Amino acid sequence: MPPFLRRLSRPTVAYVHDLTMVAVSFVLSLYLRVGQGFFDYPGDFVLLGMGTFTTVAAIVFWQANLYRGIWRYASLNDLVAIARAVTLIILIFVPAMFFITRLADLPRSFLVINWFVLMILLAAPRILYRLLKDGSFDFSYDPEEPRRIKVLLVGAGDPAEMFIQTTERKRDAEYRVVGIIDDSRGRIGRHIRGVEILGDLDSLPAVVGRLAE
């Protein structure tokens, strides 16, 4: 890995990756819709559309907190969050481009194609990364049954992920994980299967007090 990438945090790298995929999705979707006619579009039009789409995505991604999740533990919760973000991007992009260009020369079906293309470009790397690491990808969803005993886990590693996964799979599970404590300060605020890493060991009393409120 290049030295400058090592100095970037993983959420930052993921953010840059996703914005790159947004730009690629715009060009690819337009080409899939019009075929060779894509090359008849003025370069300024393509750059304007791609720039507007990427700018909207940059704002939506940041506000949606997509980068609190850890790719190693990507789950259905993360895919649902991505789907919501992509939908919101499209909904904001349409009026933005209408204001700028009145949507001239932009096929309406392009928007539908772009939704699917962008979903694939964002979700596939996360799923592939999870598969390469664990050899499987579980699509289970946590119903967060309130009657379960609340549990605070210590350590944001494989054992924590496996415990959360087990509680998700069992409808009659006795426990519900409400948070995680981890020694790595860089992971605070991120999520494993939708469960937030709330602090480190030094902040354990404060975290417990906050959860007890």
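## Close-up views of a predicted helix-and-strand chain

**View 1. The whole protein chain.** Residues are numbered from 1 along each chain as its sequence is written, and side-chain values use heavy atoms, leaving out hydrogens and water. You will find seven helices and four strands, in the sequence pattern α-α-α-α-α-β-α-β-β-β-α (DSSP runs numbered from the N terminus: helices are H or I with at least four residues, strands are E with at least two). Of the 213 residues, 41% are buried (under 20% relative accessible area, 1.4 Å probe, protein chains only). Among contacts (heavy atoms within 4.5 Å) between residues at least 6 apart in sequence, 72% join residues at least 24 apart.

**View 2. Helices H2 and H3 packed together.** Helix H2 (residues 10-34) meets helix H3 (residues 43-63) at an angle of about 145°, and their axes are 9 Å apart (axes are lines fitted to C-alpha atoms, for helices over the stretch in contact; angles run from 0 to 180 degrees between N-to-C directions). Residues making the contact include Tyr 15, Leu 19 and Phe 26 of H2, along with Met 50, Phe 53 and Trp 62 of H3.

**View 3. Helix H4 from end to end.** The 26 residues of H4 (residues 76-101) should span 38 Å at 1.5 Å a residue, and the end C-alpha atoms agree with this at 37 Å apart (the expected span is 1.5 Å times one less than the number of residues). Among the buried residues of H4 are Asp 78, Ile 82, Ile 89, Phe 93 and Thr 101. Just after H4, look for Arg 102, with a positive phi of about 60°.

View 4. Four strands form an open sheet in the order S1-S2-S4-S3, with mixed pairing (two strands pair if DSSP finds at least two bridges between them). Strands S1 (149-154) and S3 (191-192) are the edges, each pairing on one side only. S1 runs parallel to strand S2 (residues 175-181), joined by six bridges, and Ile 149 stands opposite Tyr 175 in S2. Helix H6 (residues 158-169) lies across S1, S2, S3 and strand S4 (195-199), running at about 155° to S2.

Notes
This is a predicted model: local features need pLDDT of at least 70, side-chain atom pairs count only at pLDDT 80 or more; totals for chains, interfaces and linings use all residues. Buried means under 20% relative accessible area, exposed over 50%, partly exposed in between (1.4 Å probe, protein chains only).
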